[in-house]
Amino acid sequence: MFTTLKNAFKIKEIRSKILFTFAMLVVIRIGSQLPTPGIDSSVIDQLFSQADGAFGFFDAITGGSFVNMSILALNISPYITSSIIMQLLTIAIPKLEEMQRDGEDGRKKIASITRYVTVVLALIQATAMAIGFGRQGLLEGYITMTTGQRTLSIVTAVATLTAGSAFLMWVGEQITEKGIGNGISIVLVINIISRLPQDIGNLFQMFVIDKFSEGAPATGFLAAVIIFAIIVGMVVLVIILNDGVRKIPVQYANKVQGRKMVGGQTSSIPLKVNTSGVIPVIFAQSIYQTPIIISSFVNYKGTGVWSEILRYLNSNNWCNPSQLKYTIGLLGYVVLIIFFAYFYTSITFNPLMIADNMKKQGGFIPGIRPGKPTSDYLNNVLNYIIFVGAVGLTIVAVIPYIFSGVFKASVSFGGTSLIIIVSVVLETMKQVESQMLVRNYKGFLEK
């Protein structure tokens, strides 16, 4: 990876793209520190500390800008939600499916619709945050304001938060066009990475420095080794999940085309082990955390059945040795990950369509008849590798909660963050390598 970056900086065109991407990331980190107008910063820490970790995931993917209530507090979460919604609607609405098949023009239309949906979602989220948090004193002087002043304060906060989200969407598209890698993914990764130094420092302080100060250097050294081994092990597992592929061999029959004999080639259908990426984990976390977040917005502090349900949904209780009954919440989380792994793959991968296309092109899987038998075979193989990928995702997603529950080590990054970071870094490095390769071919052709 470092060799690739070193060689990339020797090429002016790629170096300019890398520097442009870096400049955009600096702008994002500066924006994440600028407070939203009218926000009472003294109330923020108290408000979020009472949320009992409900906003941990959103704090991680926004690089701390959500908890700080900066102008980029919403970050790219509305765009991610909008993209997922559009992807699901493309399967359900024939008109959108037709657009997707229209090539570049169709994809541009879908991208334009996605932008409008993003702004609408950002507007809704910003309004809910401004009103919900305003009632809890997050907006300066909200309680003593007149109706007109409250309206103006809320409108200002909503406009700022919505504009911040739209700006980040634009920055992501600029990085995709003029920089390196997928812009939205790069923005997401830099947000997560910005929290890592603080979290790793907290772990080091808790398990190493404190142990040495207590006169137990051996325990501190062992803790450091274990922490390092767990992090490295999770990264390796994520890399294996990301690059794991099951290749289905495909043979094409010979046929006469004009005066030539064509076909007779052998290729393969690559089926990724982790076919759904990080989507199942994000969906599962969203379902679990949404009730907790809504309860925090309305400042719910009840003690009834709903309060007990929130405790089962709260990841801080899942692996607590003194409260084993809440492990049921963790089991439900695992079931959701596996369910969404199958569900998301089923709407993005169509074995029947692939089997029909192979049949039309004269292709077949050795030992399998074309048509429905091929579709059934692909389904069986897909079900097997989906399960393997879902188990791997579950391990990566659950280990941080076990570590937090048993050792009381609370960090904002977890399995989801590592999957995103590793996947985006590998994909970006592949894009850099491909651009360097294309440039070499251009130089060869020019000669």
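The model is predicted: local features need pLDDT of at least 70, side-chain atom pairs count only at pLDDT 80 or more, and totals for chains, interfaces and linings use all residues. Residues are numbered from 1 along each chain as its sequence is written, and side-chain values use heavy atoms, with hydrogens and water left out. The protein has 447 residues, and 43% of them are buried (under 20% relative accessible area; exposed is over 50%, partly exposed in between; 1.4 Å probe, protein chains only).

**Overall make-up**
- The secondary structure comes to 18 helices and 5 strands (DSSP runs numbered from the N terminus: helices are H or I, at least four residues; strands are E, at least two).
- Take contacts (heavy atoms within 4.5 Å) between residues at least 6 apart in sequence: 71% of them join residues at least 24 apart.
- The accessible surface comes to about 23800 Å², and carbon and sulfur atoms account for 65% of that (Shrake-Rupley method, 1.4 Å probe).

**Nonpolar cores**
- The largest nonpolar core holds 53 residues (a core is a set of buried Ala, Val, Leu, Ile, Met, Phe, Trp, Tyr and Cys residues joined through side-chain atoms within 4.5 Å).
- Val281, Trp318, Tyr333, Ile337 and Ile420 have the most contacts inside this core.
- Ile337 touches Pro280, Val281, Ala284, Ala390, Leu393, Thr394 and Ala397, leaving aside residues up to four places away in sequence.
- Another core, of 17 residues, lies apart from the largest one; Phe66, Met69, Met129 and Ile154 are among its members.

**Aromatic cluster**
- The whole structure contains 4 aromatic pairs (rings of Phe, Tyr and Trp, its six-membered ring, with centres within 6.5 Å; planes under 30 degrees apart are stacked, over 60 edge-to-face, the rest tilted).
- Phe339 and Phe340 make an edge-to-face pair, 5.2 Å centre to centre with 65° between the planes.
- Phe339 and Phe343 have ring centres 6.0 Å apart and planes at 15°, so this pair is stacked.
- Both Phe339 and Phe343 sit in helix 15 (residues 327-348), 4 residues apart, about one turn of the helix.
- Phe339, Phe340 and Phe343 form one aromatic cluster.
- Phe340 is buried at 10% relative accessibility, whereas Phe339 is partly exposed at 47% and Phe343 is partly exposed at 33%.

**One face of helix 14**
- Ser307, Leu310 and Leu313 are buried in helix 14 (residues 305-313).
- The buried residues of helix 14 line one face, because they fall within an arc of 115° seen down its axis (the arc of the directions from the helix axis to the C-beta atoms).
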